[in-house]
Amino acid sequence: MSNHDVASWDQYVEVRSETEALAAPIRSEDAQIQSMPDASPTKWHLGHTTWFFETFLLDGFSGHRIVREEYRVLFNSYYNAVGAQHPRLRRGLITRPSLDEVVDYRHAVDASVRRFLDTASTEELERKAGILTVGLHHEQQHQELIMTDILHVYASNPLKPRYAEDEPPPVAAAEPMRWHAYPEGIYWIGHEGEGFAFDNEYPRHRQFVHAFELASRLVTAGEYMEFMSSGGYQRPELWLSDGWAVVQNERWQAPMYWERRSGTWWQMSLYGLRPVDPNAPLCHVSYYEADAFARWSGVRLPTEAEWEVAASSLPIEGNLSQNGSYRPAGPPRSQNGSGPTQMYGDVWEWTQSAYLPYHGYRPAVGALGEYNGKFMCNQMVLRGGSFATSAKHIRPTYRNFFYPASRWQFLGIRLARDAE
């Protein structure tokens, strides 16, 4: 990880407070639930992000007393170099510690972090400055996971609870899709300069990119309904072999969280169960569905290099978590051809690029080397962030990654095509 842009105590408090604010509307009963293997209980997220600071930042600091030895196993996610982990599939069975005890754990570690920043030697502060920064960005990742995972919990409940009690604003009708052209050339890809980046964004390198065109906006739910109405889920010629097998085995007929009631499609969201808004950006589709829709449309998904070329000159703005919206909102109106809209926020955008290391990549030394590198197999890259992503966390070079059948995250589609 980059050690630039070292975090301060004020930044630490800000991020930690944002996490607790996101968790505040979630009842203790709901915070306990693990509704599927890929998701984790809210309570576990609160404990794990705290474990990260206790394990990696406060290790060896005389001003901190380990809160509880068992937490070293209970809240360890996948760091084999640290030691054993509680089985991921059984996180929902952890009735103890209580939610209140996990919050107390957070506050105890926060107090120790403050003492560390106030009293540690200059040498120690410099040695662990990068860990503090990584920890905050790690917590921002879990802020989004709290949202995606609690949505699955609520969707699994016949009562269809709401996370957000207010009414979502209406989504304006999408403008016609246009195409932005980019010339072929050798482009610099990957992170450089000041500011934090994860190790999978390095090294910055040159890459030849063929001339391409990128869609001006995201695909809408209404456009995807056309794919569904045309028999998209029944046409094997549109699907990758593995994708078709999943469609058949899982009996997919629509995006995740969609259900048909009296001839109308409804979608579970953080605002509860609501009719699908055809103007809203499509959300909760897998890579397989994104690829099939692109084939049906006669185009393709962008590569991650193409996406980065298009995004690198655009400001980081859009429907991100700071907006306080809990769903994709749609693009701003009339950009006068200045570039694609919705490149940041609303939904993560699938690319056709496999999640692999850049040429010359080296994982970080020690346990933190397990953060990204060991997952570079069988997953696909997504770019751009979602409405649940912090604007302080996203950047043009950020590489998210999921398995191609994943749908519970806030995942959508932007189209691309070869230049004519």
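Which residues of strand β9 point one way, and which point the other way? In this predicted model, Met380 and Leu382 point to one side of β9, which covers residues 380-383, while Val381 and Arg383 point to the other side, and all of them are buried.

Strand β9 has partners on which we can follow the pairing residue by residue. Strand β8, made of residues 348-354, pairs with β9 in the antiparallel sense over three bridges, and here Trp350 stands opposite Leu382.

The loop between β8 and β9 is the place of Tyr358. Is Tyr358 buried or exposed? Its relative accessibility is 8%, and because buried means under 20%, Tyr358 counts as buried. Leaving aside residues up to four places away in sequence, Tyr358 touches a set of residues that includes Ile189, Tyr202, His205, Glu304 and Arg399, as well as Arg383, the residue that we met in β9. Glu101, by contrast, lies 257 residues from Tyr358 along the chain, and the C-alpha atoms of these two residues are separated by 42 Å.

Helix α1 runs over residues 9-23, and at 1.5 Å a residue its 15 residues should span 21 Å, which agrees with the 21 Å between its end C-alpha atoms. Its buried residues are Tyr12, Val15, Arg16, Thr19, Leu22 and Ala23. Seen down the axis of α1, these buried residues fall within an arc of 120 degrees, so they line one face of the helix.

Another part of the structure is an open sheet of three strands in the order β5-β6-β7, with antiparallel pairing. The strands β5 (258-261) and β7 (272-275) stand at the edges and have a single partner strand each, so one side of each is left without a neighbour in the sheet. Neighbouring strands of this sheet are turned by 35 degrees against each other on average, if direction is ignored. Between β6, which covers residues 264-269, and β7 there are four bridges in the antiparallel sense, and Ser269 stands opposite Gly272 in β7.

Aromatic rings form the last topic. A pair of aromatic rings is described by the distance of the centres and the angle of the planes. The count for this model comes to 37 aromatic pairs. In one of them, the rings of Tyr182 and Phe212 have their centres 4.9 Å apart and their planes at 15 degrees, so the pair is stacked. This pair links distant parts of the chain, with Tyr182 in strand β1 and Phe212 in strand β4, 30 residues apart. Tyr182 is buried at a relative accessible area of 15%, and Phe212 is buried at 0%. The rings of Phe402 and Trp408, in turn, have their centres 5.6 Å apart and their planes at 80 degrees, so this pair is edge-to-face, and both residues are buried.

Terms used:
Residues are numbered from 1 along each chain as its sequence is written. This is a predicted model: local features need pLDDT of at least 70, side-chain atom pairs count only at pLDDT 80 or more; totals for chains, interfaces and linings use all residues. Side-chain values use heavy atoms; hydrogens and water are left out. Buried means under 20% relative accessible area, exposed over 50%, partly exposed in between (1.4 Å probe, protein chains only). Helices (H or I, at least four residues) and strands (E, at least two) are DSSP runs, numbered from the N terminus. Two strands pair if DSSP finds at least two bridges between them. The expected span of a helix is 1.5 Å times one less than its number of residues. The arc is that of the directions from the helix axis to the C-beta atoms. Axes are lines fitted to C-alpha atoms, for helices over the stretch in contact, and angles run from 0 to 180 degrees between N-to-C directions. Rings of Phe, Tyr and Trp (its six-membered ring) pair if their centres lie within 6.5 Å; planes under 30 degrees apart count as stacked, over 60 as edge-to-face and the rest as tilted. Contact means heavy atoms within 4.5 Å.
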